[in-house]
Amino acid sequence: MLGQAPAMQDVFRAIGRLSQSNVTVLITGESGSGKELVARELHQRSSRANGPFVVVNCGAIPENLMESEFFGHVRGAFTGAVQTRIGKFQAAQGGTLFLDEIGEMPLGLQVKLLRVLQERVVMKVGDTKTEPVDIRILAATNRDLEAEIAGGTFREDLYYRLNVVNLHLPPLRERGDDVITLAKVMLDRYAKEFGAKVTG
C-alpha cells in the first residue's frame, strides 16, 4: 500500500491500531480504492496472520447458493449435494473472513449472518447441530448502507454489528500526488512484465 496524502496517512495509522484488536471493521470507499488491500493488511499485521484469510465476494454468488457457500452443507441437503462440504466461515477458522460487497447480500441471508456475528456458531444447510467458529470479520462496501437501511434493503441491526469501527478510504482523485507515485510503480511493474523499455 502506497500513499503520502494526509488522508492515506490517517488510514495507515488506523490500520496500525485496528490490526492489534479483534474488532469487526467495515471498510468503505469507492470501487478501486483498495478495500481488499486494507483487509489483507489488517489480517497480516494481526495475531491471526498465520491463520487463513478467506475472501467472499457477496455480489458474485448466486442467491440460491449463498447459504451453502457461507455455512456449508451436509450430504443430501439438496439436489446435487453429493457430499458434506464446509463453508467459508469454517474455512476461515482461526483467521479472518473478508465479506466484500456486503451491501449485495440478500435480506434472508443477512438474518443468518447476524446470528453468526452474535453467537459465533454456524449450522450447515441440512444439519441439526451448530459448530463454533473463531474468526475475525472484516466487511467492505462501496454502497451507502444507511441509505440502503432507509430503503429497506439492508438490516439496521446487522449494519451496527458490522460497523463497530468504520475505515473510510479516500478516492484517488482526493489523494493529490499519490496518482504520480502509483503510476510510476505500475509503469515499472508492467514494463518489466512485458519487456518494454518505458522510462517515463
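Mentor: The largest pocket has a volume of about 460 Å³, where a pocket is an open set of points on a 1 Å grid over the protein atoms alone, at which a 1.4 Å probe fits and which has protein on both sides within 12 Å along at least five of seven lines, and where the volume is the space filled by probe spheres set on points joined across faces, edges and corners. It is lined by 21 residues, of which G32, L37, R175, L182 and M186 are the closest to its centre, a lining residue being one with an atom within 4 Å of a point. This is a predicted model, in which local features need pLDDT of at least 70 and side-chain atom pairs count only at pLDDT 80 or more, while totals for chains, interfaces and linings use all residues. Residues are numbered from 1 along each chain as its sequence is written, and side-chain values use heavy atoms, with hydrogens and water left out.

Helix α8 gives the largest share of that lining, 7 residues; helices (H or I, at least four residues) and strands (E, at least two) are DSSP runs numbered from the N terminus. By class, the lining holds 14 nonpolar, 4 polar and 3 charged residues, with Ala, Val, Leu, Ile, Met, Phe, Trp, Tyr, Cys and Pro counted as nonpolar, Asp, Glu, Lys and Arg as charged, and the others, Gly among them, as polar.

I180 counts as partly exposed because its relative accessibility is 46%, the scale being buried under 20%, exposed over 50% and partly exposed in between.

E30 lies in the loop between β1 (25-28) and α2 (35-44), and R173 in the loop between β7 (165-168) and α8, so the pair ties together parts that are 143 residues apart in sequence. E30 is partly exposed at 37% relative accessibility, whereas R173 is exposed at 62%.

The structure holds 15 salt bridges, and another of them joins D134 to R48 at 2.7 Å, N to O. D134 sits in the loop between β5 (131-132) and β6 (136-141), and R48 in the loop between α2 and β2 (53-57), so this pair ties together parts 86 residues apart in sequence. Here D134 is partly exposed, with a relative accessible area of 40%, while R48 is buried, at 10%.

For comparison, the second largest pocket has a volume of about 160 Å³. Its lining takes two or more residues from each of α3 (63-71) and α5 (107-119), with α3 giving the most, 6 residues. By class, this lining has 6 nonpolar, 3 polar and 3 charged residues.

Key:
Buried means under 20% relative accessible area, exposed over 50%, partly exposed in between (1.4 Å probe, protein chains only). A salt bridge is a side-chain nitrogen of Lys or Arg within 4 Å of a carboxyl oxygen of Asp or Glu.
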